[in-house]
Amino acid sequence: MPALSLTSCAGADSAVSDDNPYFAKIADDLANRSWSVINAALPPDMSLGLLSSIQQHNEAEFTEAGTGRSRDHQINPFVRRDRIRWINGENLTEQAWLEWASSLQHYLNRRLFLGLFSFESHYAHYGSGDFYKKHVDAFRPNGIERGARREVSLVTYLNPAWQPEDGGELLIYDASGQEVVERVLPRQGTVVVFLSTEVPHEVLPAKRDRYSIAGWFRLNGSQEDRPDPPS
Ligand SMILES: O=C(O)CCC(=O)C(=O)O
Ligand SMILES: [Fe+2]
């Protein structure tokens, strides 16, 4: 059902200058089934740089991750246990990551007319035993909610040589949330992209330190009385 709401415009592709070979596959997958998993999609030097960047930060700089936005924000250790640190482009690797995400954003806007407006992302560290229960990253607008809703989620993994016995798999469910349609090993370079309101997913308990980045492309949340981003 969600796939129907996306109009894919293959013809526009030829006018797109980005030649990242993975972007077309991501756009096709989003249009056809709302989610995409691509192995080795992030350049290895970027994954390695991001891993060393996350490891250079003191654990004290990471905060317990919560759920819900602003006033509804809650820390709930029964739902998720990872610790996060927002990425602000403070070194060359982080800047390269933000540029990579920005070219994907522009590609998806041109191919699928998504109107993605901004991007935010954080490192996530799941220690041994940490998990994130089944959830969606955003709820469909209900006419009351204000602000820039998360539209497309982007996740990438930083651990080299992750093995099945290390746990921490990402489970992707069908729209009903009942059936697992894909199990993703959190291996360095793998990129997962999905429609934030449409794809229930879950992180199984990790059995060793699991390093990743989770990010979201948002729609423009400007209101007459309030510019986006809110000050
Ligand atoms: O790390 C993952 O595999 C997914 C993380 C996630 O679902 C989230 O941060 O919302
Ligand atoms: Fe999520």
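Q: A salt bridge is a side-chain nitrogen of Lys or Arg within 4 Å of a carboxyl oxygen of Asp or Glu; how many salt bridges does this rule give?
A: By this rule the count comes to 11 salt bridges. The structure is a predicted model, in which local features need pLDDT of at least 70 and side-chain atom pairs count only at pLDDT 80 or more, while totals for chains, interfaces and linings use all residues. Residues are numbered from 1 along each chain as its sequence is written, chains are lettered from A and ligands numbered from 1 in the order in which they are written, and side-chain values use heavy atoms, with hydrogens and water left out.

Q: What makes the contact between Asp29 and Lys25 a salt bridge?
A: The N to O distance between the two side chains is 3.0 Å, which lies inside the limit for a salt bridge. Asp29 and Lys25 are four residues apart in helix α1 (residues 21-33), and are therefore separated by about one helical turn; helices (H or I, at least four residues) and strands (E, at least two) are DSSP runs, numbered from the N terminus.

Q: Why is Asp29 called buried and Lys25 partly exposed?
A: Buried means under 20% relative accessible area, exposed over 50%, and partly exposed in between (1.4 Å probe, protein chains only). Asp29, at 8%, therefore counts as buried, whereas Lys25, with 41%, is partly exposed.

Q: How do the classes of Arg85 and Glu90 follow from their values?
A: Arg85 has a relative accessible area of 12% and so is buried, while Glu90, at 43%, counts as partly exposed. Their side chains meet in a salt bridge with an N to O distance of 3.8 Å.

Q: What parts of the chain does the salt bridge between Arg208 and Asp166 tie together?
A: The closest N and O atoms of Arg208 and Asp166 are 3.1 Å apart. Because Arg208 lies in the loop between β10 and β11, and Asp166 in the loop between β6 and β7 (170-173), the pair ties together parts that are 42 residues apart in sequence. Arg208 counts as partly exposed at 29%, and Asp166 as buried at 13%. Elsewhere, salt bridges that share partners join Lys25, Asp29 and Arg33 into one network.

Q: How do you know which atoms are donors of the iron ion (ligand 2)?
A: Donors are N, O and S atoms within 2.8 Å of the metal (3.2 Å for Na, K and Ca), and water is not among the atoms, so sites may look incomplete. The iron ion (ligand 2) is coordinated at 2.1 to 2.2 Å by His135 (NE2), Asp137 (OD) and His201 (NE2), with the spacing H-x1-D-x63-H along the chain. Asp137 lies in the loop between β5 (132-135) and β6, and His201 in strand β10 (residues 201-203), so this pair ties together parts that are 64 residues apart in sequence. Asp137, with 16%, is buried, as is His201, with 5%.

Q: Why are β4 and β11 said to pair?
A: Two strands pair if DSSP finds at least two bridges between them, and strand β4 (residues 118-126) pairs with β11 in the antiparallel sense over nine bridges. Ala124 stands opposite Ser212 in β11. Strand β6 (residues 150-157) also pairs with β11 in the antiparallel sense, over seven bridges, and there the bridge partner of Ser153 is Trp216.

Q: What makes β11 a mostly covered strand?
A: Nine of the nine residues of β11 (residues 210-218) are buried. In a regular strand the side chains alternate between the two faces of the sheet. Here Arg210, Ser212, Ala214, Trp216 and Arg218 point one way from β11, and Tyr211, Ile213, Gly215 and Phe217 the other way, and all are buried.
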